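This report goes through a two-chain model in plain terms.

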Amino acid sequence: MSIQNVILKLQEFWAERGCYIASGYDNEVGAGTMSPDTFFRVLGKKPWRAAYWQPARRPDDGRYGQNPNRVQKHNQFQVILKPVPSEGQMLFLDSLIYLGVDISIHDIKFDEDNWASPSLGAWGVGWQVMCDGLEITQFTYFQQAGGLELNPNTLEITYGVERLAMFLDGQNNVYDLDWGNGVSYGALKLEEERQFSIYNFETADIDMLRGVFQHYQREAERLLEHQLYMPAYDYLLKCSHAFNMLDARKAVSVAERTALMGIMRNLSARIAQKYVMQTEGEKNG
Amino acid sequence: MADFLFELGVEEIPAPAVSGIRDQLRDLFSARLAQLAISHGDIECAASNRRLMVHITRLPEKTANKEETVLGPTKRIALDSRGLPTVALKKFCEFNHVKFSDVVEIETAKGVYLGLVRIAGGEETAELIRAFIPEILSALTFGKTMVWNGSRQPFIRPIRNILALFSNKLLAVEFAGIKSANRAVGHLLMSDSFFEVNSFKDYVQGLVKNFIILKEDERKNKIMGEIRDIELELDGRVGIDDGLLDYYVFSNEYPVAFSGTFDSKYLSLPEEIITTFMTQEKKLMPVYDRAGKLVNAFVGVANIPDENKKVSRGNEKVIRATFEDAQFFWDMDRKLDFFSLKPLLKNVMFQKELGTFLEKVERLASLVDFLVNETRNGPLRETLHKAACHCKNDLLTKMVREFPSLQGIMGGLYLKEAGEEKSVWKAVYGHYQPRGLVKEKLDDLGAGILSIADRMDNIAGFVNKGIKISSSKDPYGIRRDANAIIKIIVDFELVLDLGPLIRLAVLNFSKNDADLQRDCETIQGFFLSRLENSLKDFWQFRYDVVNAVLDKSTLAIYDIYLKAAALTQLSESGLVEPLSSLQRRLKNIGKGFARCNFSEGLLKEKEEKILSDVFKESKPRIDALIIHKNYLQASSEILEMKPIIDRFFDKILVMDENVAVRQNRIALLQSFDELLSGVADFSLLVELKPGEKI
């Protein structure tokens, strides 16, 4: 199955189960979790069901286009179900069946994998879902975000689109995948992966990245003073990507890592509090 | 008689936690039944990652009747001067829902009380069990908990079903917002979500029909049997790792072993890397040929039969990608100048408050130097200086960042690739070994010495920062470090008293003399207790043998180990009892007398003179034997003198009227006690009757 069909099918499936189909966020993010459609909406009391396709950047995962299934920018399909439905696992298996997986002949396992994002002050408990040894999905019960306990909790299902497509298509190499209508993944992405791997590991300007981290941080703080927590969150995301780039360049010392993580955690907590205060009123502030 | 069936359906419990939860459940049920005096037959517990089952047989429908006395206030307090009930008695009656007329006088050793004598018991067992199930479930403890619904009940993973049948009748139980129902959860992939259960028989049949093997050993046997079949088919041997086997047993309800192959070009990667990526990253087992050489195949365990080879083919693809990753890390890391990485360790935190790995590596130099001197391994000095200098560089490699368990090993391999001498890279390679007390004997002395230095530095640092090492938890692995040090010393027969090494290691951290003193004492006490434990539990020495050889004043570990071995051998040849009774006798008679030297001038009788001569003649020889750690021979020689000592006891009255003579005789006997004590305190050995064993 092509990449675009995986995405279309998942959109269809989850739309029928009450999800609003969002667009992926237009900012560099390391994971679908960082989109405001997840980060803000898991906070507070309001029920929320959303599904969206999100390209995710992880500079350190670059392999110069040489690895058959690891890339520095991959595609996630994110599903957010709040509150947690009691049949979440079954819904997920149904979605695999909908995609055409015969679950009676494939070894699907829910394998312990707890998720945490220290910079977002967020963590959850759950599994990586393995299909014949291939990790195709992260399945997480959110416990905390922005340093706040979540009540109600949210179920987050994050499909790895390339992994799923490779599995469904029986492909050994991500670059051999059909993105859709005969456009290959390789034709679209190989050069991008090669160039970005060189950039991420070798060429990115470390001083520039340190500099923009500080600029972004100051802007986020300034915006918070104006109660503009949404733009502030954008700048937090920019900080996070700058940090990931610095990390891929091995430019982050111990002391610096602790300090930068602390800055981001602190920003995410303040942003989350402002959001909750505004949307839930004084009683939850 | 009734039976009780309980099954909790849970979303996939992490495999390592399952057996512990099952045991907790058994203990909690057993304790509650005992507390409520409910008699019962077997409590059978079984668990997988998706269900926890308890089946209890031979339960009474009602609990047994028994007379129960409830004491109220004393008669004096209960009744006023006119014999009418006081407030105290009124409250008592109210509390117990009885009338004054129900109250009787009860004579006790402490006087007369008013109270109740009533028939207790006869309660519905079903109701009692129903009521305590939620309490038991809340009492379970987990490493990490979560909440998922409005009940906010913390548990290890979401609960999906509660089955509770007493005598085939459903008990109405509610926990974490889940109500009990006549059903059990099915197999994740091969059956419906639930199957109906109205009796234990139903349940057992339902499990079979739904491809659920509930008993842990059945799952294990199935896996092992299938692995054997694969071994025959491949004409090889599967590298079975106990941890991985447990993982398979507790992460599959219907385990099926399968095999697959991979491109043999990946066999050019170091074997350590191949097996680590296979086992840790992909939970697959390596395969070796008859000669023990790694081959391009793997074995895994699925939760379903793999008739179409889909699972096997899928895993083949995945392992290829994994090896591509391994190759990438290996190639990238080898592009680094490994020797130049050390200064960058300033960026790698050793532990919060304990500084960076650069500081640690710099501390290791002096510890290694000291160890080389103490253990008389001068020729290793240069090797170990180099090894210590580069032993943590691999923390900066991609491979170790991805797989921390490869630390040390990768350092060794990268040094080897960089053309370093074998003695150096082997020392780095093995310096995280052993991982505690392991059966395998260690083989690289250099690695052993470096390991002692590294681990003693860990222990000193953590103790100095006030990390408690007495508790049952060991988050920093200090206990494992201490055990490893003991194992290394014994394996390489190192003549080393740990006292001075501890002091040197602590000096790197302590700010003042008081700290230094305190930390040294803490660590010495800790090592004494680790030594005692390892001698008893790991080397399986008798507890009294261990008591006899442990000496609080020294941590000469190998010495103490040899003494324990000698005593064990003596005991097996039946020679330890005479020595033990001898030393007991010597100690008894010398009790309360200060230790002093005997003088030959005061010896009068023939027997004491002989004894003195024998002592003088044999002491230098026995001392020499002890210095050469020939404790067996030393003990035997002392034993040879026993008839002469016995004769002395027979013929000589130690407690002579003349104080000087008496003192001198005691001193003579004390000399023998002291001689024996050079080996051990035999008096602490337990006397065994013939055929009796400890």
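How many helices and strands does the secondary structure of chain B come to? The secondary structure of chain B comprises 25 helices and 16 strands. Helices (H or I, at least four residues) and strands (E, at least two) are DSSP runs, numbered from the N terminus.

This is a predicted model, in which local features need pLDDT of at least 70 and side-chain atom pairs count only at pLDDT 80 or more, while totals for chains, interfaces and linings use all residues. Residues are numbered from 1 along each chain as its sequence is written, and chains are lettered from A and ligands numbered from 1 in the order in which they are written.

**Overall dimensions**

Chain A has eight helices and eleven strands. Its radius of gyration is 19 Å, close to the 19 Å given by the globule rule for 285 residues, so chain A is as compact as a globular protein of that length. The radius of gyration is taken over C-alpha atoms, and the globule rule is 2.2 Å times the number of residues to the power 0.38. For chain B the radius of gyration is 35 Å, whereas a compact globule of 694 residues would have one near 26 Å. Along the principal axes, the C-alpha trace of chain A spans about 55 × 45 × 30 Å. The C-alpha atoms of chain B fill a box of roughly 95 × 90 × 55 Å, also taken along the principal axes.

**Domains**

Domain bounds here come from an automatic or database domain assignment. Chain A is assigned domain 1 (3-200) and domain 2 (205-284). The centres of these two domains of chain A, taken over C-alpha atoms, are 24 Å apart. In chain A, 24 residues of domain 1 are in contact with 21 residues of domain 2; two residues are in contact if their C-beta atoms, placed from the backbone, lie within 7 Å. The side of domain 1 of chain A that touches domain 2 of chain A has eleven nonpolar, eight polar and five charged residues. In this classification Ala, Val, Leu, Ile, Met, Phe, Trp, Tyr, Cys and Pro count as nonpolar, Asp, Glu, Lys and Arg as charged, and the others, Gly among them, as polar.

Chain B is divided into domain 1 (2-62 + 124-209), domain 2 (69-118), domain 3 (216-335), domain 4 (338-540) and domain 5 (559-684). Between the centres of domain 2 of chain B and domain 5 of chain B, taken over C-alpha atoms, there are 70 Å.

**Where the chains meet**

In the contact between the chains, 34 residues of chain B touch 32 residues of chain A. On the chain B side, the elements that give two or more residues are strand 16 (294-302) and helix 9 (310-335). Helix 9 of chain B gives the most to this side, with eleven residues. By class, the side of chain B that touches chain A has 14 nonpolar, eleven polar and nine charged residues.

Two packed helices are described by the angle between their axes and the distance between the axes. Axes are lines fitted to C-alpha atoms, for helices over the stretch in contact, and angles run from 0 to 180 degrees between N-to-C directions.

| Helix pair of chain B | Angle | Axis distance |
|---|---|---|
| Helix 22 (606-627) and helix 23 (631-640) | about 155 degrees | 8 Å apart |
| Helix 16 (478-491) and helix 20 (557-572) | roughly 70 degrees | within 9 Å |

Helix 22 and helix 23 of chain B are therefore roughly antiparallel (over 145 degrees). Their contact includes Ser618(B) and Arg621(B) of helix 22 and Tyr631(B) and Gln633(B) of helix 23. The residues of this contact are six nonpolar, two polar and two charged.

Helix 16 and helix 20 of chain B are therefore roughly perpendicular (65 to 115 degrees). Ile486(B), Ile489(B) and Val490(B) in helix 16 meet Ile557(B), Tyr558(B) and Tyr561(B) in helix 20. This contact of helix 16 with helix 20 has six nonpolar, no polar and no charged residues.

**Backbone details**

Most residues other than glycine have a negative phi, and most peptide bonds are trans. The peptide bond from Lys82(A) to Pro83(A) is cis, with omega near 0 degrees. Pro83(A) lies in the loop between strand 3 (73-82) and helix 3 (88-99) of chain A. Another cis peptide bond runs from Gln433(B) to Pro434(B), with omega near -10 degrees, and Pro434(B) is in the loop between helix 14 (422-429) and helix 15 (445-464) of chain B. Glu493(B), which is not a glycine, has a positive phi of about 50 degrees; Glu493(B) is in the loop between helix 16 and helix 17 (498-507) of chain B.

Conventions:
Parallel < 35°, antiparallel > 145°, perpendicular 65-115°, else oblique.
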